[in-house]
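Open the structure in a viewer and keep the selection tool at hand. The stops below each say what to select and what is found there.

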Amino acid sequence: MNIIESIQEGVIRAVKGLYGAEIGPADITMSATRKEFEGDYTVVTFPFTRFARKKPDEIAEEMGQHLVREVAYVQKFNVIKGFLNLSLSDAFWRRFLEEICRNEQFGMQPPNGHKVLVEYSSPNTNKPLHLGHIRNILLGWSTSCILEAAGYEVARVQVINDRGIAICKSMLAWEKYANGATPGSTGIKSDHFVGDYYVMFEQKFQKEYQDWQKSDAGQAQLQEWLGTNEARRAEKELAQKREKALKELEGKVAAGELPPGSSLREEDFSPGKFFFKNFKDEYFNQHSKLGAEARAMLRRWEEGDEATVALWRRMNDWVYEGFNETYEKLGVRFDKLYFESETYLLGKDMIEKGLEEGVFYRKDDGSAWADLTGAKLDHKAVLRSDGTSLYITQDLGTAHLRYQDFGVEKMVYVVADEQNYHFQVLFELLRRLKEPYADGLYHLAYGMVDLPTGKMKSREGTVVDADDLIAEVVEEARKNSLERDTLAGLSAEEQQTIINQIGLAALKFFIIKVHPRKRMTFDPKESVDLQGQTGPYVQNAYVRVQSVLRKGGGQSLSAAADYDKLESQEREILSQLYAFPELIRTAAEEYDPSSIANYCYELAKAFHRFYHDYSILSAETQAARAFRLQLSQAVANVLKMGMKLLGIDMPERM
RNA sequence: GGCCCCGUAGCUCAGUGGAUAGAGCAGCUGCCUUCUAAGCAGCUGGCCGCAGGUUCGAGUCCUGCCGGGGUCACCA
C-alpha cells in the first residue's frame, strides 16, 4: 500500500472514530502540499464539517493528531485555514529513494494481461508526410508506449490508403511526363518524387481548367448557371461578404495595421470565380481530358490490368521507401500494415449479418442503412445500392480483421478530430453488431495543426513538409552545439547522434506538450527553441546528472542512510518522483501523452533549481553527498523513462 | 440550422471542485574562478469570453449567450 492510501485509510478511521461517519477514499480531497507551505501532503477538511459539526481548523487539528499517532511515517502536521498539511518523516523518503534506486523500472506497471491495438499515421500514398502526420505519429507512438508502460500488450498498426483516384493522378503524370525518370536517377527522396508528380498533375489540370473557363464551352456553362436561383443567392451572399470584408479592411487601415489606400481583391467576390471554384469537381468528372484519363486508369487498376497494377505497385513502393526513412528518423515502427487495396472490399459479411439481426435495414434500391437516430446520430448508409462498400463498411471489416489478427480488447484510432462523427458512427455500429471489443474502442481525436499565418493548405503550398522540418530542427541543434563546443572529443558520428537527439527532442516535445484535443499553433521559430519549456531543457537536466555521476559516481552510496534533515527542495523532488507511477496509469487511462511531457518538464525544472542551489559532489557531509547522488540518479532515471514514453532519447552529454 | 471541440498574460500553452490562477517565449535586471549558463533568480504583464446557477468553495460542474474551429455524401 502506498503512503497516499495509508493516509486516506487513516482519515477514514479518524472520521469514523471522531465523528462516527462512514466515508470512502473518494470522499477525501488530497493533494501534494503547495510549495509555499510546510508539508508533503494536504488533506482538505471542509467536506467533513457536515457531520463533524465543527470548524475546519478544529477538525484538521484533531485529525492531524490522529494521523500522526496512527499512520506510519506521518511525522507532524500544521493547519492553515482548514487545510491539514502533513509532513512525512525523513526515513520515509530515504526508504523510498533507496527503493527506486534499486528498481530500474520504477513506475512501469507489470503486465495486466490485456491487449490493445493503436492505429496511427495512416497516410495516403500520393504525397509525402507533412506536419499534420507528425502530430499524428508522435501522438500514436507515445500513446502506444504509455499503454505498454501501463501494462498492456500493444500492437501498432497503420492503415495505408494506397488506392483511389489520388495515386492514379501521380501515376498518370509520371507516365505522361517523366520519361522514365526514377528517384534513383534524379536523387529525389522517393516519396517526394511521387508527390511531385501529383503536384504536376494538379498543375496541368489547373491549366486545362483555366483554359476551359475561357472557352466557349466554359462560358456557356457559366451563363447557364448565372440564370439560376442558386446564382442569385450566391450573388447576394458574395455582396454581403464583400461588405463585411470592406468594413474589416477599413478598420484595419484605421488601426494602422494596413497601409492607407488598401483595397479588396474584387475578383474574390465575383460570381464567375465562385462558380468555377465549385464546378471544379464536376469539370474533373464530366469534361476534363486529364480527369478522364485518370479515371480510366483507376478503372484499369480495379479491373486488375497488369501494366497498370505494375506501375501502381512500383510507385507505391517508392512511397513506402520514403515513408520508412521518415519513420526511422522519427524513431517509430509498426507491427502490421493494413493496405486499403486489400481491405476495401471487407465488411460486407458484417452488413449481411447485421441485416439478419435487424441492426441494418434495406431500402428498395438495394442500399443498406443503419438507423442511428436513437443514438442521436442519423441514418447512415453502409452499402451502396450496387452492393459495393463504403468507407464505413471498410472500417467495420478492418476492425473485425484486426480482432482476428491480434485478439485485442481495445483499439485506439489516432485520427484528426475532423472525423469525430465518422468514429461515433463506427463505434455505435460495432456495439450494435456486438463485436467483442466494442466497449474498448477509443478515437484519439487531435486538433489540426495551424501555422501562425493560418491553416495549412496543400493547394496554396503552405504545407510544412515532415522531412524539411526534421532537417531544420536538427540544423538548429547543430548550430547551437557548435557555439557551445561541448561535444569536442567525441567522434563525428557520436556528435551527429547527439545533435539528432537534441533537434528531435525540440520538435517532439513542442508538439506533444499540447493536449491532443486542442487545435495547436505551430510556430516553426518556436519549435526550434532549445531553451525554456522544451525537450532540450529536460535533456539538459539528465545530462547534468550524467556529468555529476561521471565525476563522482562509482563509490558506495550506503552513507545515504545516515542523511537526515532533508532540504525542502529534496522533499519536493522526491514527492514528484513518488507521483510517477500514478501518472503513467492516468496518462494511459486518458490517452494523454501531454501529461507526461508536462511532468518531465516540472521534474527537470525542480532538478535544475536544486542543482543550482545545492552542491552535490561537495556536499557538507558524506551522507548528504551520497543521498544527493542517489537522488540525482533517480531523477535522471525517471526523466529518461518519461521521455522515452514520448519517443525522445536522452543524450549522455550535450 | 443540428451535433462535437476550443476560448486562461502581448504570443504559445499548463492548471485531479480547494489555499494568493501558473510556466515558457517576448521585454527589462542580475548571476559563470565553484558538479555543463541548452541553467538559476528577479521585474513587468490576468473582468480565466460574457451572464446566470449548483456548492462551505468554481478557471474547473450545469444552463444560456458571444466568438473561433470542425462536421452533418450511396467521397475517403
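## Stop one: helix H11

Select helix H11 (residues 271–278), where Gly-272, Phe-275 and Phe-276 are buried. They lie on the same side of H11, because they cover an arc of only 90° around the axis. The arc is taken from the directions that lead from the helix axis to the C-beta atoms. Buried stands for under 20% relative accessible area, exposed for over 50%, and partly exposed for what is in between (1.4 Å probe, protein chains only). Helices (H or I, at least four residues) and strands (E, at least two) are DSSP runs, numbered from the N terminus.

This is a predicted model, in which local features need pLDDT of at least 70 and side-chain atom pairs count only at pLDDT 80 or more, while totals for chains, interfaces and linings use all residues. Residues are numbered from 1 along each chain as its sequence is written, chains are lettered from A and ligands numbered from 1 in the order in which they are written, and side-chain values use heavy atoms, with hydrogens and water left out.

Turn to the other side of H11, where Lys-277 and Asn-278 are exposed. Contact here means heavy atoms within 4.5 Å.

## Stop two: helix H16

Next, select helix H16 (residues 348–356). Its buried residues are Met-350, Ile-351, Gly-354 and Leu-355. Look down the axis of H16: these residues fall within an arc of 140°, so they line one face of the helix. An α-helix has 3.6 residues a turn, so residues three or four places apart point the same way. Asp-349 and Glu-356 are exposed on the other side of H16.

Which elements cover the buried residues of H16? Among them are strand S8 (360–362), strand S9 (368–371), strand S10 (379–383), helix H17 (391–406) and helix H18 (420–432). After H16 comes Gly-358, with a positive phi near 80°.

## Stop three: strands

Select strand S12 (residues 441–446), in which five of the six residues are buried. Show strand S11 (residues 410–416) beside S12: the two run parallel and are joined by six bridges. Ala-416 stands opposite Tyr-446 in S12.

Then go to an open sheet of three strands, in the order S14-S13-S15 and with mixed pairing. Its edge strands, S14 (454–455) and S15 (520–521), each pair on one side only. Two strands count as paired if DSSP finds at least two bridges between them. Strand S13 (residues 449–451) pairs with S14 in the antiparallel sense over two bridges, and Leu-451 is opposite Gly-454 in S14.

## Stop four: single residues

Select Tyr-73, in the loop between helix H3 (56–70) and strand S3 (74–80). Its phi is near 75°, a positive value in a residue other than glycine. Tyr-73 is partly exposed, at a relative accessible area of 29%.

Ser-121 also has a phi near 75°. Find Ser-121 in the loop between strand S5 (115–119) and helix H5 (131–149). Is Ser-121 buried or exposed? At 2% relative accessibility, Ser-121 counts as buried.

Move on to Val-319 in helix H14 (residues 306–330), which is buried at 1% relative accessibility. Val-319 and Val-194 are 125 residues apart in sequence, yet 6.7 Å apart in space, C-alpha to C-alpha. Leaving aside neighbours within four places in sequence, Val-319 touches Thr-125, Asp-191 and Val-194.

## Stop five: a pocket

Finish at the second largest pocket, which holds about 800 Å³ of space. On a 1 Å grid over the protein atoms alone, a pocket is an open set of points where a 1.4 Å probe fits, with protein on both sides within 12 Å along at least five of seven lines, and lining residues have an atom within 4 Å of a point.

Of the 30 lining residues, select those closest to the centre: Asn-2, Ile-3, Ile-4, Tyr-41 and Tyr-578. Helix H4 (90–102) is one of the elements that supply at least two lining residues, and H4 gives the most, with six. The lining divides into 15 nonpolar, eight polar and seven charged residues. Nonpolar covers Ala, Val, Leu, Ile, Met, Phe, Trp, Tyr, Cys and Pro, charged covers Asp, Glu, Lys and Arg, and polar covers the others, Gly among them.

How values were computed
Grid points are joined across faces, edges and corners, and a volume is the space filled by probe spheres set on the points.
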